[in-house]
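Welcome! Please take a moment to look over the sequence and the 3D view, and then let us walk through them together.

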Amino acid sequence: MKPDIIRRYAHNPILTKGEIPYAVETVHNAAVVKHDGEYIMLFRSHLRTGRSIIGLARSRDGFRFTADPQPFLTPAREGPFAAYEEFGVEDPRVTRIEDVYVITYSAYSRSGVRIALAKTKDFTRVERVSLITQADHRNVVLFPEKFGGLYARLDRPHSEIAPWSIWLSYSPDLRFWGRSELLIRPEPYHWDEMKIGPGAPPFKTDRGWLSIYHGVFRTMDGAVYRLGVALHDLQNPAMVIGVSDSWILEPQDPWERTGYVHNVVFTCGAVPEPDGTVKIYWGAADTVMCVGEANVSELVDLCIDHGRPAK
Ligand code: BMA
């Protein structure tokens with residue numbers, strides 16, 4: 001049998017609700033970055049109200065994490081964010097831009113789901129900056145570099161007319177976004193035909209920006225969430241060099257197949273390492289956190305040699 005392209009860590013799941021020092025029901029969909037020699041994980045947790053908050057855990061090796069005593073980000077109770085976070089904060093992503101960590105997360109309220117942007121330098125103090133979409137956008141991931149003087153992001157607007165697709169937008173200041181265009185569409189009768197969305201923030205390789213995204217297929221038993229990869233041109237992220245025809249990870253382990261939502265692997269973060277591997281983190285069944293490793297060059301090869309049309 002061909003080995004899996006993502007080698008699952010032998011001791012998955014790496015973080016579960018029993019290891020969190022405050023009351024939560026799940027630990028999933030986490031962003032991970034390296035900061036000052038530590039791996040910092042921002043994870044989502046459901047409370048018993050069914051609403052979500054964001055916690056923080058730390059690790060020296062990227063595999064064994066210890067959660068901080070208090071949550072990192074809970075819904076704002078006052079100010080301009082409060083009305084849009086009343087139902088919870090979900091699915092954070094973190095990108096280091098210059099010397100600041102920029103966090104994007106889903107803000108849920110009776111007005112729908114929007115994306116909020118916050119900044120931190122040290123994961124101690126966090127400052128909310130702006131709500132950067134209207135309702136019905138999710139999965140905003142930022143590129144760590146500017147293109148022609150503009151910041152860039154991938155995201156996934158909600159649409160009843162077209163299958164939910166990956167879009168690109170630009171901003172001069174991380175607050176105001178525009179020049180939006182559709183880049184990648186789900187492929188009909190394919191593992192990602194129902195919807196796709198950006199997963200981990202894109203990271204640089206010698207052959208392009210690698211983006212790990214999620215794709216959803218509808219079955220008689222509900223939706224199945226898997227992960228795929230796409231490669232964007234280094235100078236022009238609007239140019240999609242390739243989208244892998246096949247998924248790179250699907251629910252397989254018991255905790256990926258069964259949980260709060262069955263058959264889900266969902267990434268919000270990946271950490272490329274100096275040795276040419278990447279640690280990919282995923283929430284399993286919306287219940288626990290897992291990690292696996294892949295060779296970056298093999299993921300890039302998949303996009304180039306086994307690609308399918310982007311749209
Ligand atoms: C998506 C989001 C994710 C979740 C996934 C599977 O729509 O809500 O946060 O992991 O569904 O339930």
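This is a predicted model: local features need pLDDT of at least 70, side-chain atom pairs count only at pLDDT 80 or more; totals for chains, interfaces and linings use all residues.

Is Thr120 buried or exposed? Residues under 20% relative accessible area count as buried, and Thr120 has 2%, so Thr120 is buried. A polar atom of the Thr120 side chain sits 2.9 Å from the backbone nitrogen of Phe123. Leaving aside neighbours within four places in sequence, Thr120 is in contact with Val100, Tyr101, Ile103, Arg125 and Val126.

Strand E8, residues 112–120, also holds Ile115. Ile115 is buried as well, with a relative accessibility of 2%. Not counting residues up to four places away in sequence, the contacts of Ile115 include Thr104, Tyr105 and Ser106, and also among them are Leu131, Ile132, His137 and Arg138. For a sense of distance, look from Ile115 to Asp136: 21 residues separate them in sequence, and their C-alpha atoms are 8.8 Å apart in space.

Now let us turn to the ligand. Which residues are around the ligand? They are Asn29, Arg44, Asp91, Arg138, Lys195, Tyr225, Val261, Val264, Phe266 and Asp286. Sorted by class, this shell has five charged, four nonpolar and one polar residue.

For Asp286, an N or O atom of the side chain is 2.6 Å from a ligand oxygen. For Asn29, the distance from a side-chain N or O atom to a ligand oxygen is 2.9 Å, and for Arg44 the corresponding value is 2.9 Å. Taken alone, the ligand exposes 300 Å², and the protein buries 82% of that area.

With a relative accessible area of 2%, Asn29 counts as buried. Glu98 also has a positive phi in a residue other than glycine, near 50°, but its setting is a loop, the one between strand E6 (88–97) and strand E7 (100–109). Glu98 has a relative accessible area of 59%, so it counts as exposed.

The peptide bond leading from Asn12 to Pro13 is cis, with omega near -5°.

Next comes the interior. In soluble globular proteins, nonpolar side chains tend to be buried together. Which members of the largest nonpolar core touch the most other members? Of its 25 residues, these are Ile212, Ile248, Ile280 and Leu299. Elements giving two or more residues to this core include strand E16 (208–219), strand E17 (222–232) and helix H2 (296–305). H2 gives the most, with five residues. Follow Ile248 to see how these parts meet: beyond its neighbours within four places in sequence, its contacts include Ile5, Ile6, Ile212, Val229, Ile280 and Leu299. Apart from this core lies another, of 21 residues, among them Leu42, Val89, Tyr101 and Phe123.

Val229, one of the contacts of Ile248, lies in strand E17. At 0% relative accessibility, Val229 counts as buried. Not counting residues up to four places away in sequence, it touches Leu210, Ile212, Val243, Leu302 and Cys303, among others. Glu25 is 204 residues from Val229 along the chain, and the C-alpha atoms of the two are separated by 30 Å.

Our last stop is Arg185, in the loop between strand E13 (178–184) and strand E14 (195–198). Arg185 has 33% relative accessibility, so it counts as partly exposed. Between Arg185 and Pro309 there are 124 residues in sequence, yet their C-alpha atoms are 8.8 Å apart. Setting aside residues up to four places away in sequence, Arg185 touches Ser165, Ile196, Arg308, Ala310 and Lys311.

Note on methods: Residues are numbered from 1 along each chain as its sequence is written. Side-chain values use heavy atoms; hydrogens and water are left out. A residue is near a molecule or strand if one of its heavy atoms lies within 4 Å of it. A polar contact is a pair of N or O atoms within 3.5 Å; within protein, one must be able to donate a hydrogen and the other to accept it, and residues adjacent in sequence count only if both atoms are side-chain atoms. Accessible areas come from the Shrake-Rupley method with a 1.4 Å probe; for residues, only the protein chains shown count as cover. Ala, Val, Leu, Ile, Met, Phe, Trp, Tyr, Cys and Pro count as nonpolar, Asp, Glu, Lys and Arg as charged, and the others, Gly among them, as polar. A nonpolar core is a set of buried Ala, Val, Leu, Ile, Met, Phe, Trp, Tyr and Cys residues joined through side-chain atoms within 4.5 Å. Buried means under 20% relative accessible area, exposed over 50%, partly exposed in between (1.4 Å probe, protein chains only). Helices (H or I, at least four residues) and strands (E, at least two) are DSSP runs, numbered from the N terminus. Contact means heavy atoms within 4.5 Å.
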